[in-house]
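Work through the exercises below with the sequence and the structure open. Each task is followed by a solution in steps.

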Amino acid sequence: PSLTGAYFAGALPATLSYAQAAVMLGLGLQHRQLEEVEGELGLPASQVLALFSKAVRKLYGHLRAVREAAVERSLPRASAAAEAGARLRPHAVGVDEELDAAAAAVREEMKAKYLKPEDLEQFAIAGAAEDLAAAAGKSLTPGGI
């Protein structure tokens with residue numbers, strides 16, 4: 001009803017066919033049932049609904065275009081955006097390089113904190129390579145199994 005009222009008041013300068021305007025008038029302003037409009041216009045119900053749908057889509061398209069134009073007016077101009085883009089400069093260090101440096105720093109910190117040589121001495125193998133060879137029964141070959 002409000003969309004139809006705005007159209008017939010001249011607030012929406014969209015163009016509708018006479019049949020679409022008649023359907024909008026009957027359904028929107030006069031609040032008639034579909035069967036009543038169908039009988040008055042001598043059209044089948046499917047055609048009345050199709051005309052109504054097309055009219056609503058036209059009016060909605062007009063309203064959307066007006067709204068988009070208002071939003072476009074509120075946005076900054078392209079020249080202002082270009083000026084802002086000209087002031088932006090890339091960083092001296094790339095993101096990947098910065099992340100690699102930070103990861104290396106964290107790795108070194110973790111090694112210093114958790115991998116102390118005095119803590120690892122308890123896991124060291126006592127004896128020299130000769131002692132290991134004697135224990136294995138000379139079945140070990142150098143550099144392999």
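Buried means under 20% relative accessible area, exposed means over 50%, and partly exposed lies in between (1.4 Å probe, protein chains only). Helices (H or I, at least four residues) are DSSP runs, numbered from the N terminus. The model is predicted, so local features need pLDDT of at least 70 and side-chain atom pairs count only at pLDDT 80 or more, while totals for chains, interfaces and linings use all residues. Residues are numbered from 1 along each chain as its sequence is written, and side-chain values use heavy atoms, with hydrogens and water left out.

**Exercise 1. Describe helix H6 and find the count of its buried residues.**

Step 1. H6 has 20 residues and spans 28 Å from its first C-alpha to its last, close to the expected 28 Å. The expected span of a helix is 1.5 Å times one less than its number of residues.

Step 2. The count of buried residues in H6 is 0, and the helix is hardly covered.

**Exercise 2. State which residues form the nonpolar surface patch, and where Phe123 lies.**

Step 1. A patch takes residues with over 30% relative accessible area and no salt bridge; like charges are joined within 9 Å, nonpolar side chains (Val, Leu, Ile, Met, Phe, Trp, Tyr) within 5 Å. Accessible areas come from the Shrake-Rupley method with a 1.4 Å probe, and for residues only the protein chains shown count as cover.

Step 2. The patch consists of Val106, Met110, Tyr114, Leu115, Leu120 and Phe123, with about 650 Å² of accessible area together. Helix H6 (residues 95-114) gives the largest share, 3 residues.

Step 3. Phe123 sits in the loop between helix H7 (117-120) and helix H8 (129-136). Phe123 counts as exposed because its relative accessibility is 62%.

**Exercise 3. Identify the buried residues of helix H4 and what covers them.**

Step 1. H4 (residues 45-74) has 30 residues and reaches 43 Å between its end C-alphas, close to the 44 Å expected.

Step 2. Val48, Leu51, Ala55 and Leu59 are buried in H4. Their cover includes helix H1 (2-8), helix H2 (18-29) and helix H3 (34-41).

**Exercise 4. Examine Thr4 and its contacts.**

Step 1. Thr4 belongs to helix H1 and is buried, because its relative accessible area is 4%.

Step 2. Contact means heavy atoms within 4.5 Å. Leaving aside neighbours within four places in sequence, Thr4 is in contact with Met24, Leu25, Gly28 and Leu29.

**Exercise 5. List the salt bridges and the accessibility of their partners.**

Step 1. Side chains of opposite charge can pair when their charged atoms come close. The rule for a salt bridge is a side-chain nitrogen of Lys or Arg within 4 Å of a carboxyl oxygen of Asp or Glu. The count by this rule is 2.

Step 2. Arg32 bridges to Glu40, with the closest N and O atoms 1.7 Å apart. Arg32 is partly exposed at 25% relative accessibility, whereas Glu40 is exposed at 53%.

Step 3. Arg64 bridges to Glu68, with the closest N and O atoms 3.6 Å apart. About one helical turn separates Arg64 and Glu68, because they are 4 residues apart in helix H4. Arg64 is partly exposed at 42%, and Glu68 is partly exposed at 49%.

How values were computed:
Helices (H or I, at least four residues) and strands (E, at least two) are DSSP runs, numbered from the N terminus.
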